[in-house]
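Me: I want to learn how to read salt bridges in a model. Please take me through some cases.

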Amino acid sequence: HVATVVSGAELARQIHKEVQSDIAKLVAEGNRRPHLSVILVGDDHASHTYVRNKTRTASLLGMSSSTIFRPSSVSQEEMLELIDKFNRDRNISGLLVQLPLPEKDVDGFHIVNIGKLCLDQRCMIPATAAAVWEIIRRTGLETVGKNVLVVGRSKNVGMPIAMLLHSDRKHERSGGDATVIMAHRCTPLPRLKELARLADIVIAAAGVPHLITADMVKEGAAVIDVGINRMQDPVTGKSRLVGDVDFEAVKEKAGFITPVPGGVGPMTIAMLQANTLVTEEKKIVEWAETRLCLLLASGSGS
Ligand code: ADP
C-alpha cells in the first residue's frame, strides 16, 4: 500500500479556475478588475521569487498587480505613508507587504484580523493556513473528532492552522472540530513520536528537514508537509527543496501525503489570490477601523 499523493499543484489549478471565473463574472457585471499590490522591501532572493510567482499568478487569473520596490533601508515613516496611501486607493483590492504589515492585508497577519481569527469571526485566513485547510477539505478528509498534530507554533503558520482545526464548525468562521495538539521546539523527540502516532492528521510546519519519519506515522494517517527547506544534495552538490517529512518512507505508511515541492506551496499562492478576490467581493477587512501595525512580520515563505 502506498499513500495517495495529494497534489497541491493540482488543487491550486482548481482554485485558479474558480478565482478566474469569479473575476471574469465580477468584471462582466461591470465591477472593476481586482488589483493586488505588493511592496517588496530589500533584496532577499527568495522573497523576490515568491513575489514574482504571486504577481504572475494574479495576471494569469485576470487580476492586475503591481510591485513597489523599496530598499531595506526604507524608513518606517515612508512605509507607513505608502501603506496608508494604498489603503486609501480604491483601485487596490489587496495589499501584500513582504516584510512589515499592511492593512488590506491579504496575507491575513494584521493584528485585528488575527484577533477575529482567534474569536472564530469572519476574517481573512492567512494564506498558508488557508492552503492546509483547503487541502484537507478538497481531499475529503474528516476532521470532526479526529486527532490532529500540528508540529510548529509560529504565529503565521502553526498557530492559525491549529486555530482553524480545533474550533467549532458552527461558528461564524467555521472550524474543523478536531482535537488539536501543538508540538514545538521544546517538545522532546520521544514525546513528538508518541503524539504523532496518535494523530489522524499530522501537519508539519517546523522547518526541520525530515523531522517526521515513517515510525512516527499511524497507518493510513494524512500527512501535510508545510516545510520548505533548501538542502544541498551530497552527491550532485545541487540545492533542492525538501519538506519536514521523510516523503519516500512516509508515503509507504500514510494514507495521504503532500509532496514538497508541489504540495502546500502552490496552494498557498492560490489561496492568496482567492483572498485578494474575497477583499474585493465581500469587503471583509474594514480598512477604516483598523490601525496600521508594523509589529508582526509577514515575510514568510511562499
Ligand atoms: P514557520 O514560519 O514556517 O512556521 P518558524 O521557523 O517561524 O517557521 O517556526 C518553526 C516552528 O517549528 C517553531 O514553532 C518551533 O518551535 C517549531 N520547531 C522547531 N524545531 C522543532 C522540533 N524539532 N520539533 C517540533 N517543533 C519544532
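Me: How far apart in helix H3 are aspartate 84 and arginine 88?

Reply: Helices (H or I, at least four residues) and strands (E, at least two) are DSSP runs, numbered from the N terminus. In helix H3 (residues 76–88), aspartate 84 and arginine 88 lie 4 residues apart, about one helical turn. This is a predicted model: local features need pLDDT of at least 70, side-chain atom pairs count only at pLDDT 80 or more, and totals for chains, interfaces and linings use all residues. Residues are numbered from 1 along each chain as its sequence is written, and side-chain values use heavy atoms, with hydrogens and water left out.

Me: What do aspartate 84 and arginine 88 form?

Reply: A salt bridge is a side-chain nitrogen of Lys or Arg within 4 Å of a carboxyl oxygen of Asp or Glu. Here the closest N and O atoms of aspartate 84 and arginine 88 are 3.0 Å apart, a salt bridge. The count by this rule is 12 salt bridges.

Me: Is arginine 88 buried or exposed?

Reply: Buried means under 20% relative accessible area, exposed over 50%, partly exposed in between (1.4 Å probe, protein chains only). Arginine 88 is exposed at 58%. Aspartate 84 is partly exposed at 33%.

Me: Which residue meets aspartate 215 in a salt bridge?

Reply: Lysine 193 does, at 2.9 Å, N to O. This pair links distant parts of the chain, 22 residues apart. Lysine 193 sits in helix H7 (residues 189–198), aspartate 215 in the loop between strands S7 (201–204) and S8 (222–225).

Me: Is lysine 251 buried or exposed?

Reply: Lysine 251 is buried, at 17%. Its salt-bridge partner, glutamate 248, is exposed at 51%.
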